[in-house]
Amino acid sequence: MLHSFLRAGLNPVEINNYQSDFCGSLLHDPRVFPPPSPSTPVPRVRFLLVSLLVVAGFSGAARADIESSIDNGLAFSAVQIEKLAGILRTNNRFPEYSNPAGVWSIKSRSSWCSGFTPGMFWYLYDLTGEDKFLGWAETWTEGVRARSIEADNDTGFQIFCSFGLGYTLTGKTDVDYLEVMKTAANTFATQRYNPTIGCYRAWRNTSSDPVNSPSITANTTNPNDMVFEVNVDMMMNMELPLFVGTNGGNPDYVTYAVSHADRTWEDLVRPDYSTYHVVGYKADGSVDYKRTAQGWKTESTWSRGQAWSVYGYTMVYRYTGLERMLDRADKVFDKFMAMTAAQTNDFVPFSDFDAPLDGSNSRDTSAAAIVASAALELYDMTGSQKYLDAARNILLSLGGPDYLAQGTAYQPILRKGCGRWGDPEEGTSFGDFYYLEAMIRHRTLFPVIEPPPAPSDAEFSNISTRGQVGTGANRLIAGFVVRGVPGATTGTVLIRAIGPGLSSVGVSEGFLVDPTLEIFSAADPLTAAYINDNWGDNANAAEIQSVSATVGAFDLAEGSLDAVLMLSLPPGVYTAKVGGKDGGTGVAIVEVYAVD
């Protein structure tokens, strides 16, 4: 069965947007990876075609396993989150952690986790379109509105995961949501950013011996108060200033966030790419000390802190296009995966990578979920298989009986999360949030496409379009899909690029004098698998002429400069590109025929 999508005279971005519409959002959905403003470089664009080809070409038992796991995980998540609305009842209550038995601990809006609940409602509304999730999303988003003007180091979590997702996932034109984010970003900068240090402050430490006897509060609104501490978690809060700074707000916020990411790399990431948890700065910007608040020891690596760094640098790259951010994301990702593999073979780390594997070192599904979500975005950005493999392995583990709370009395979605080293295993609202986000990101990149119906007496056989052929990105481009059993040839496809031949159908001028035809496959989307300049140069030219008449194509004059290929192709996604020899331009037709 041949399925085709054709588009004439578009640049690569337009082509991929069209293919996304035609194929049911096959490509990366910008609502799930909220984009910066259109004027900001979006580095992932160059990889969109790669994503499309891999999506459509992937099949087999591994795909079936991950899709089955995601189907079940999403369904169970919807059940648990609907139950959560009943548990909370009013929008001034938010889950944070559960106890070991799986009963949620309920907090006020001041909890650093308050944004995750409306965020999960927004994700499920976007996934299902069900009004109940929209109602809950709007209600609990309203519940965190006041956090936009209140001092907190986790304003990004609180406001972007609620108002930010509401604004980006639903395409809201409601200026109020954007204004709340602008207010929050201003509060965040005014109360947290220190230009001498170049960072946003985390909590305030008022102890006389903060390293050995920390006493942490967040009751100051002065970013110059000392001691000025920064934790690795703060990388996640950079999405708020980055989004606002690239969407009509103060552009200085982007500068602040980039500075924060650079200073974090300098002082909180070790030479081996593991991470410290906390660094304390002196007033002159020099480092005073380093410590951990949630890991085992200062020199050990808290697994969720490492996960925050993976996600954080990936996200900063998305907004800025700075190659150093992508390089950093890659390095801390590799370190996370290596340290996890040294502890366990099921892709879910313990709370600290260096602590003894005893009763104090609980598993942390939240760290795994955070990295799974980040890895899918890294895959979308780069096309590197290692990120996709890691994300799938993590999701398969999280969706299995050891970690998914299905069939238990647990109120959270995932079991065996952990707040810090030394805590018991428990459910976490943020672990549930990033698990849901990761599953939706995978489903967006790899949508489940229903098989086409069995052919009736009338069967589709060909599609074509005419357009202006330019040069470079403005060549005429056609995409087509060959379906069938993987590894087998399903039939013959005739692809024609007609320029001079248009004279036989009444086009006497302006046509492309000498078309060239290139066919690209999913196996190598950057290198043409088949090329033709003049159809008569094909060894099977006589057969091409005969088959053209059989499938209803008009005859080509012997010796014409039109380009044609007749190929037996295995299942997959293919792209036909029509250009002009020696940079020629003009009108041409591109046609794709299913021969048998």
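**Before reading on.** I noted that this is a predicted model, where local features need pLDDT of at least 70, side-chain atom pairs count only at pLDDT 80 or more, and totals for chains, interfaces and linings use all residues. Residues are numbered from 1 along each chain as its sequence is written, and side-chain values use heavy atoms, with hydrogens and water left out.

**Entry: a cavity.** I wrote down what the word covers: on a 1 Å grid over the protein atoms alone, a cavity is a set of points where a 1.4 Å probe fits but cannot get out, and its lining residues have an atom within 4 Å of a point. The volume is the space filled by probe spheres set on the points, which are joined across faces, edges and corners. I picked the second largest cavity, with a volume of about 40 Å³. Its lining includes Gln80, Trp104, Met120 and Asp432. I sorted the lining by class and got six nonpolar, two polar and one charged residues. (Ala, Val, Leu, Ile, Met, Phe, Trp, Tyr, Cys and Pro count as nonpolar, Asp, Glu, Lys and Arg as charged, and the others, Gly among them, as polar.) Helix α3 (residues 61-88) gives the largest share, three residues. Helices here are DSSP runs of H or I with at least four residues, strands are runs of E with at least two, and both are numbered from the N terminus.

**Entry: helix α4.** Next comes Gly129, whose phi is positive, near 75 degrees.

**Entry: a sheet.** I then traced four strands in an open, antiparallel sheet, in the order β11-β18-β13-β16. Two strands pair if DSSP finds at least two bridges between them. β11 (462-469) and β16 (563-568) stand at the edges with a single partner strand each, so one side of each has no neighbour in the sheet.

Which strands does β18 pair with? Eight bridges link β18 with β11, and six join β18 to β13. I found Gln468 opposite Val587, and Arg496 opposite Glu591. β18 is mostly covered, with seven of its nine residues buried.

How values were computed:
1 Å grid on protein atoms, 1.4 Å probe; cavity = no way out; pocket = protein on both sides within 12 Å on 5 of 7 lines; lining within 4 Å. Buried < 20%, exposed > 50% of the residue type's maximum accessible area, 1.4 Å probe, protein only.
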